[in-house]
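Here is a short note for a colleague who is new to this structure. Please read the points beside the sequence and the model.

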Amino acid sequence: MGEVAKLIDVTKCTACRGCQVACKQWHDLPTETTPDKTKFAGSYQSHPDLGPNTYTIIEFIENTNENGTQWHFKKTGCMHCTDAACILVCEKKALSKLENGIVYRDMAKCVGCGYCAQNCPFLVPKVNPKTEKATKCTLCENRVEAGLKPACVSTCITGALDFGPREKMLEIAKNRVATLQQQGMTKAQVYGEKELGGTHVIYVLGDAPEVYGLPADPQVPLSATLWQKYGKPLGAAAFCASLGTTLFAFFLNRKKDLAPKLHHHEGGKSHGV
Amino acid sequence: MTNHWNDLANTDCALIIGSNAAENHPMSFKWLTKAREERKAKIICVDPRFTRTAARSDIHAPLRSGTDIAFIGGLINYAIQKNKFQRDYVVRYTNAAFIVDDGYDFKDGYFSGWDPQKKTYANATWNFKKDDQGNFLKDETLENPRCVFQLLKKHYNRYDADTVCKVTGTPKEVYLKVCEAYTGTGQPNKSGTIMYAMGCTQHTVGSQNVRSYAMLQLLLGNIGVPGGGVQAMRGESNVQGSTDFGLLFHMLPGYISSPQATPEYALLADYLKKETPASGYWVNKPKFFTSLLKAWWGDKATAENDFAYHYLPKRDPKKNYSHIALFEAMYKGEIKGCFVWGGNPVVGGPNARKEAAALGKLDWLVCMDLFETETANFWSKEAGADPKTINTEVFMLPVAASYEKAGSISNSGRWCQWRYKAVNPPGEARDDLMLLHELALRLKRAYASSDKPQDEPIKHLFWDFGNDPHHPDIEIVAKEISGYDWTTKTQLKTFGDLKDDGSTVSGCWVYGGMYNGPAKENNRARNRKTEKEGIGQHLDWAFAWPVNRRILYNRCSADYDGKPWSEDKKLLWWDGSKWGGLDVPDFVPTKAPSDPGGTDPYIMQAHGKGGLFAVMAEGPFPEHYEPWESPVNQQPFSKVLVNPVAKVFETEKGDNTKFPYVGTTYRVCEHWQTGVLTRNTPWLAELMPHMFVEISPTLAQAKGIKNGDQVVVSSLRGEIKCYVIVTGRFQPLMIDGKPVEQVGMPWHYGFLGLAKGSVANHLTPHVGDANTTIPEYKAFLCDIRRAN
């Protein structure tokens with residue numbers, strides 16, 4: 001099939017959240033928020049962030065200003081980057097790139113060190129403290145292998161989600177953006193074509209990436225590159241001892257600066273902050 | 001729906017009013033999104049709050065809950081004043097040209113015939129004039145001051161944009177945008193659809209709200225065409241089926257009125273005389289009715305015994321048997337036992353605390369549901385009751401879910417679709433039909449040896465659905481619904497084959513011909529062929545009643561001569577000898593446009609025309625009245641504040657100085673009705689775990705409330721505690737120069753299940769629409785304060 005991609009057209013999403021449920025169903029994931037354990041967030045958003053048992057969420061981004069109210073619905077999950085920082089930092093080779101572009105996770109190899117979680121420009125992977133494994137969207141690589149679409153895509157009502165060859169998805173995305181721009185959404189854009197070497201989750205956005213909590217120019221953190229170059233061969237302990245934890249911590253903290261300056265973001269902590 | 005879900009893709013403009021389609025009928029947005037992409041269709045969302053539907057619409061027009069008639073009345077006025085209506089359609093396909101009775105009048109908020117002492121209407125003057133031969137008098141120039149069109153024009157002349165916006169609170173510039181966009185569908189090559197749900201109907205003027213939509217659609221020539229119509233989006237997947245099969249208290253299956261306990265309904269001949277009109281398709285009612293009696297009593301229904309007409313219970317015309325009235329009667333101790341079958345009134349009923357108290361007056365209560373319901377636990381401490389004081393014996397029967405049983409389901413588009421059983425139900429759960437079957441057989445056994453004539457309706461009930469003592473053969477049930485010849489037992493092709501002499505059987509005539517042969521393949525509800533080309537009518541997918549017709553009143557899609565109004569909107573056409581096209585014609589296929597009645601598309605009406613003027617409980621034209629509990633003390637259209645014939649069961653209403661805010665209830669995408677199913681499903685409970693109320697930032701500031709706080713919402717009926725969402729999606733509306741705040745909340749929550757929360761319906765009143773008594777859930781007065 002060559003490289004594949006999931007297309008997320010946020011301008012068509014009605015936030016029914018069928019994708020969230022389909023994801024949990026396919027992966028047989030337990031619930032994370034329960035009425036008695038969860039504090040009310042003051043929002044329709046179900047989870048403040050992705051979690052070890054929640055690979056995708058719809059973020060409800062609300063903005064009321066002099067132009068009226070905008071309520072954006074953004075599906076969030078692993079971007080399956082070409083330049084995947086998580087793969088660079090994964091010492092146990094639990095994360096790897098499949099030929100079709102999917103960032104594959106091998107749960108058997110994962111030790112839950114959390115470097116992937118720390119270095120992801122989108123802060124996607126989450127470590128489950130109980131199982132000591134990092135989890136994230138798999139792009140349903142087993143379904144894809146069997147010729148099916150990812151669970152979330154197959155349940156989407158409005159066609160906000162699509163899946164197929166990456167080139168085709170890009171073409172659809174670009175045509176859609178052209179239409180949106182004609183309709184007056186002048187800031188409509190494709191996100192993911194070039195970012196991080198090209199991601200395998202591509203967005204059609206109706207506005208600037210920052211509006212949706214996406215970094216305008218995501219980068220593989222320098223810490224990840226350094227880690228791959230020097231840290232990995234030496235091993236974690238040696239690396240920390242030799243280069244010093246300060247330097248590493250500095251780069252780890254830098255990712256905060258990479259995060260976009262955000263609008264009022266309904267519902268808990270925003271992704272990327 | 002006059003049209004159907006897939007047909008939404010053919011629209012040029014969708015006016016969504018009284019509905020939050022994206023959240024509560026999500027599938028509609030599949031087709032609307034298509035219309036938007038492929039036809040550049042506009043979507044207009046008219047809603048008090050900014051919803052997920054509003055987020056996906058081109059225009060969001062806020063209005064105060066309960067002011068739809070003002071909103072639509074203004075659109076009607078705009079269409080007429082700006083000459084945006086489709087004149088040719090209006091002249092001959094509606095009753096616009098008809099001359100109205102000289103006695104008809106509308107003055108000071110009342111229509112002619114108002115009796116201020118009895119507080120009722122005599123509606124004799126709401127009628128048309130006829131000549132000596134009994135023909136309707138008409139003026140097709142529409143100039144006669146007493147024709148429907150001129151009276152309509154005069155009535156809505158008062159609904160100018162300024163006055164409308166004073167009442168609805170819609171910003172005038174937004175309102176005019178809606179007027180311009182929607183009346184643009186009055187062109188013959190455009191169609192607009194109006195989509196509504198319970199936000200429209202659950203008002204004291206609910207039925208007139210619907211009528212106002214229909215009238216606007218008639219004026220714009222939007223009914224009977226692809227992408228047009230009035231779409232009742234039903235609140236449950238099979239509500240359409242339920243109403244088709246006689247769920248309504250005054251109806252038998254197939255929308256046949258139930259007989260009344262008065263001399264004029266004494267015998268079958270009396271009933272038929274009273275209920276059969278002189279013209280229109282209902283002249284066939286005796287055939288449908290007799291075939292129904294035959295389905296119920298078989299060999300015991302003979303010409304000699306009036307086809308067992310005397311077995312039918314007769315309703316007291318002075319009594320109301322609607323939901324509210326039943327619970328009022330129960331509260332007074334007039335009802336001893338109750339089956340609650342897939343319902344949960346302790347959460348879903350209006351003034352739900354009173355309804356829970358009413359259940360405590362019963363001797364016995366049977367609840368049937370997938371999970372234990374709040375209603376089955378009305379007596380518990382969690383419900384706020386004292387179990388020691390309640391003597392009601394409660395039975396809870398677990399039932400199968402839709403995937404655990406086979407049968408048909410009728411969607412909003414009137415498509416009857418067969419479903420197959422996927423898995424067995426868990427534990428002791430059984431499917432509903434099984435429970436009903438056993439109940440019927442046991443009742444019949446109980447009365448088998450009785451000689452009392454009053455027991456005959458049960459003793460002689462024709463119940464022959466196969467040999468399985470536990471489960472009826474559903475194919476036989478479906479065949480009976482569709483209709484067959486009593487002697488030969490052969491299935492009939494359509495309801496056109498039904499007779500009034502007892503030789504045919506049909507359990508619900510509108511489904512006539514659904515099962516048109518002996519084999520399972522003849523069950524057209526099983527049809528599963530999609531359309532490859534065409535406009536998405538999918539005639540070989542499922543069966544749509546009547547006679548597999550997908551768009552009702554489709555004669556209207558062609559002009560007087562039978563030519564489609566436009567190429568883009570073509571549906572049916574006359575080829576010189578017969579009607580053909582993309583749908584099943586709504587009339588005799590060989591009736592030429594020039595034949596008598598050839599331009600009478602509204603076949604169920606005695607006069608064959610769309611009813612711009614029609615008899616309703618509160619008058620022939622919808623008029624704005626305030627909700628029973630209103631934030632205002634006067635309104636600009638008349639001195640009559642509230643619908644004078646609304647069904648009011650409460651003795652006292654909330655004072656708008658003590659309860660100043662407009663309360664309303666709604667659903668969210670993630671939960672289903674009273675939440676019995678969804679609040680017990682972990683993945684869904686997780687999505688919307690808490691009961692909440694939504695208010696504007698201005699109200700929050702005034703009340704010292706912060707987002708996420710716990711608050712108390714109160715009405716005259718009671719108070720509830722829940723979380724609050726403070727959001728810009730709620731804004732106060734300027735009503736006659738003063739800001740009015742709105743308070744909204746979902747009604748899904750109760751005290752059982754994984755996701756628990758306060759019952760919103762503790763706040764809503766026992767007040768109903770004048771025609772149907774549907775409760776006014778959507779507009780009531782409330783107050784709000786911080787919980788601590």
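Helices (H or I, at least four residues) and strands (E, at least two) are DSSP runs, numbered from the N terminus. This is a predicted model, where local features need pLDDT of at least 70, side-chain atom pairs count only at pLDDT 80 or more, and totals for chains, interfaces and linings use all residues; side-chain values use heavy atoms, without hydrogens and water. Residues are numbered from 1 along each chain as its sequence is written, with chains lettered from A and ligands numbered from 1 in the order in which they are written.

1. Start with B:Asn20. This residue sits in the loop between β1 (13-17) and α1 (21-24) of chain B. What does B:Asn20 touch, not counting residues up to four places away in sequence? Its contacts (heavy atoms within 4.5 Å) are B:His25, B:Arg49, B:Thr51, B:Arg52, B:Thr53 and B:Arg667.

2. Next comes B:Tyr110. Strand β5 (residues 110-111) of chain B holds B:Tyr110. B:Tyr110 is partly exposed, with a relative accessible area of 27%. Leaving aside residues up to four places away in sequence, B:Tyr110 touches B:Asp105, B:Tyr121, B:Val640 and B:Pro644. B:Tyr110 and B:Val640 are 530 residues apart along the chain, yet their C-alpha atoms are separated by 7.7 Å.

3. Now the aromatic rings. How many aromatic pairs does the structure hold over all chains? There are 57. Rings of Phe, Tyr and Trp (its six-membered ring) pair if their centres lie within 6.5 Å; planes under 30 degrees apart count as stacked, over 60 as edge-to-face and the rest as tilted. B:Tyr104 and B:Phe621 form an edge-to-face pair, 6.3 Å centre to centre with 85° between the planes. B:Tyr104 lies in the loop between α5 (87-93) and β4 (106-107) of chain B, and B:Phe621 in the loop between β21 (579-581) and β22 (647-648) of chain B, so the pair ties together parts that are 517 residues apart in sequence. B:Tyr104 counts as buried at 5% relative accessibility. B:Phe621 counts as buried at 1%.

4. Take another pair. The ring centres of B:Phe288 and B:Phe495 are 6.0 Å apart and the planes are at 75°, so this pair is edge-to-face. B:Phe288 belongs to helix α13 (residues 285-297) of chain B and B:Phe495 to the loop between β17 (484-485) and β18 (504-505) of chain B, so the pair links parts 207 residues apart in sequence. Both B:Phe288 and B:Phe495 are buried.

5. Charges also sit over rings (NZ of Lys or CZ of Arg within 6 Å of the ring centre and within 35 degrees of the ring normal). B:Arg92 lies over the face of B:Tyr560, at 4.2 Å from the ring centre. The charged end of B:Arg550 is over the ring of B:Trp415, 4.8 Å from its centre.

6. Finally, chain A. Chain A has nine helices and 10 strands. Of its 273 residues, 56% are buried. Among contacts in chain A with a separation of 6 or more, 63% come from residues 24 or more positions apart.

Methods
Buried means under 20% relative accessible area, exposed over 50%, partly exposed in between (1.4 Å probe, protein chains only).
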